[in-house]
Amino acid sequence: MADDYLVRIGRLIRDARQHRGWTQSQLAEALNTSQSAVNRIERGNQNISLEMIARIGEALDSEIVSLGYAGPMHLRVVGGRRLSGAIDVKTSKNACVALLCASLLNKGRTVLRRVARIEEVYRLLEVLNSIGVRTRWINDGTDLEIVPPSELDMEAIDAEAAVRTRSIIMFLGPLLHRMDRFRLPYAGGCDLGTRTIEPHMIALRRFGLDVAATEGHYHAVVDRTVRPDRPIVLTERGDTVTENALLAAARHDGVTVIRNASSNYMVQDLCFFLEALGVRVEGIGTTTLTVHGMPVIDADVDYSPSEDPVEAMSLLAAAVVTESELTVRRVPIEFLEIELAVLEEMGLDHDRTPEYFADNGRTRLVDLTVRPSKLEAPIDKIHPMPFPGLNIDNVPFFAAIAASAQGQTLIHDWVYDNRAIYLTDLNRLGGRLQLLDPHRVLVEGPTRWRAAEMMCPPALRPAVVVLLAMMAAEGTSVLRNVYVINRGYEDLAERLNSIGAQIEIFRDI
């Protein structure tokens with residue numbers, strides 16, 4: 001039993017070191033020990049104290065090591081505090097995971113700048129590493145270098161990591177160009193109800209991909225004689241569906257037209273990245289994309305994904321719910337204009353700077369300053385629509401905002417089966433939310449938030465909404481098992497603390 005424990009700890013330390021981009025010698029130097037000692041630790045051949053584990057975790061700046069022995073992460077929130085100052089929006093989670101999948105198209109070296117250090121990215125890196133892709137963090141851990149092997153070892157895929165991310169579905173598009181047969185574990189991620197992958201299959205069958213789902217895996221077979229001889233019409237204007245079709249089209253030797261395509265932020269970032277690889281994409285930002293594919297992509301590429309509009313919305317909601325004056329910098333305004341228009345109608349007091357470009361040279365950014373406002377419930381219901389409509393992932397934040405406004409707000413979250421149900425967790429914190437059916441919630445405001453201890457909802461955005469309400473509630477709240485938040489946000493508690501929140505990270509020993 002002790003030996004098994006040491007082996008598991010050793011693997012965690014090895015993975016954390018590799019994510020950091022360090023050699024065993026570099027870690028040994030940081031610990032003031034020998035490379036051979038680090039090698040023994042990673043192989044599970046040396047006894048190791050909790051003090052040494054803590055030192056290694058500190059040296060590697062890694063939650064992975066501490067997670068391995070201390071159990072789930074929780075948050076203790078002292079609420080009722082005003083936020084102040086300024087905070088920068090991080091790069092887009094959804095763009096980063098799409099670009100990691102897209103790196104499989106390239107035979108050359110890919111460098112992605114300011115990649116989000118989140119659990120979703122870590123899971124994809126574990127999958128990529130397991131099939132032979134070399135990845136390392138460079139430039140003090142801010143950027144990510146990706147070098148693919150000549151041949152992928154799909155039999156060695158890390159199934160445990162794969163099933164913890166819904167993004168694994170986007171391996172289908174790149175892999176169909178690399179091998180005639182392969183299998184992938186079922187996609188996982190948030191618990192949002194049943195979502196069929198049939199729209200993906202309808203698009204990818206046009207490239208010869210046939211998938212059978214059995215025994216926990218997608219079994220894929222590619223028929224090289226099948227080519228898209230007419231425009232591909234997506235049956236769902238979904239983000240990942242569009243991305244999968246783009247990834248398949250990028251290495252198709254010919255021109256592919258994709259209609260009813262999503263033009264959302266992560267899709268645009270993927271198009272910009274494909275252009276950096278040499279693939280010509282016409283119609284970016286529209287619902288019809290024309291892709292001039294390249295059968296061989298071999299380029300050393302350096303790309304900077306843009307900022308995350310959903311994180312920007314999270315931070316704006318934090319300011320609204322806590323009645324704070326806060327400046328949110330580097331907001332991708334093109335993807336928040338509808339949300340801001342709704343908030344203006346509700347009475348939000350804010351201003352914005354002139355627009356400037358993100359590091360990708362294409363996405364328009366602004367800095368937004370939000371001030372305490374007397375909000376009124378909107379006349380119309382809050383409901384998502386494909387871009388340029390209100391973002392699907394931003395709908396949950398309006399539950400907390402509506403709870404802070406005077407009057408009744410109807411929220412219609414028609415996309416997901418379960419997500420609206422999780423919003424009623426706000427009732428534990430003093431909210432007055434009535435679930436009308438699995439997709440509709442009636443929110444009564446304003447709310448006198450109160451502290452509570454509760455489990456984290458199993459869906460990313462509702463989990464953050466609960467955290468924001470805890471920040472507004474007088475007293476001390478506890479949010480347990482916040483892995484789902486770490487899937488999509490980098491150092492969220494620490495960053496909120498930097499603008500005036502009081503959130504403590506702790507684990508059960």
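## Charges over rings

The charged end of R76 lies over the ring of F506, 4.0 Å from the ring centre. A charge counts as sitting over a ring if NZ of Lys or CZ of Arg is within 6 Å of the ring centre and within 35 degrees of the ring normal. R117 is placed over the face of W137, at 3.9 Å from the ring centre.

This is a predicted model, in which local features need pLDDT of at least 70, side-chain atom pairs count only at pLDDT 80 or more, and totals for chains, interfaces and linings use all residues. Residues are numbered from 1 along each chain as its sequence is written, and side-chain values use heavy atoms, with hydrogens and water left out.

## Salt bridges

Side chains of opposite charge can pair when their charged atoms come close. A salt bridge is a side-chain nitrogen of Lys or Arg within 4 Å of a carboxyl oxygen of Asp or Glu, and the count by this rule is 32. One of them joins E145 to R109, with the closest N and O atoms 2.4 Å apart. E145 is in strand β5 (residues 143–147) and R109 in the loop between α6 (93–102) and β3 (110–112), 36 residues apart; helices (H or I, at least four residues) and strands (E, at least two) are DSSP runs, numbered from the N terminus. E145 is buried at a relative accessible area of 8%, while R109 is partly exposed at 35%. Buried means under 20% relative accessible area, exposed over 50%, and partly exposed in between (1.4 Å probe, protein chains only).

E311 and R495 also form a salt bridge, at 2.7 Å from N to O. This pair links helix α13 (residues 309–321), which holds E311, to helix α19 (residues 492–497), which holds R495, across 184 residues. E311 is buried at 4%, and R495 is buried at 11%. Elsewhere, R114, E307, R330 and D359 are linked in a network of salt bridges.

## Aromatic pairs

The structure has three aromatic pairs. Rings of Phe, Tyr and Trp (its six-membered ring) pair if their centres lie within 6.5 Å; planes under 30 degrees apart count as stacked, over 60 as edge-to-face and the rest as tilted. F273 and Y303 form an edge-to-face pair, 5.8 Å centre to centre with 70 degrees between the planes. F273 belongs to helix α12 (residues 265–277) and Y303 to strand β13 (residues 301–303), 30 residues apart. F273 is buried at 0%, and Y303 is buried at 6%.

The ring centres of F335 and F387 are 4.9 Å apart and their planes are at 45 degrees, so this pair is tilted. Ring pairs link Y265, F335 and F387 into a cluster.
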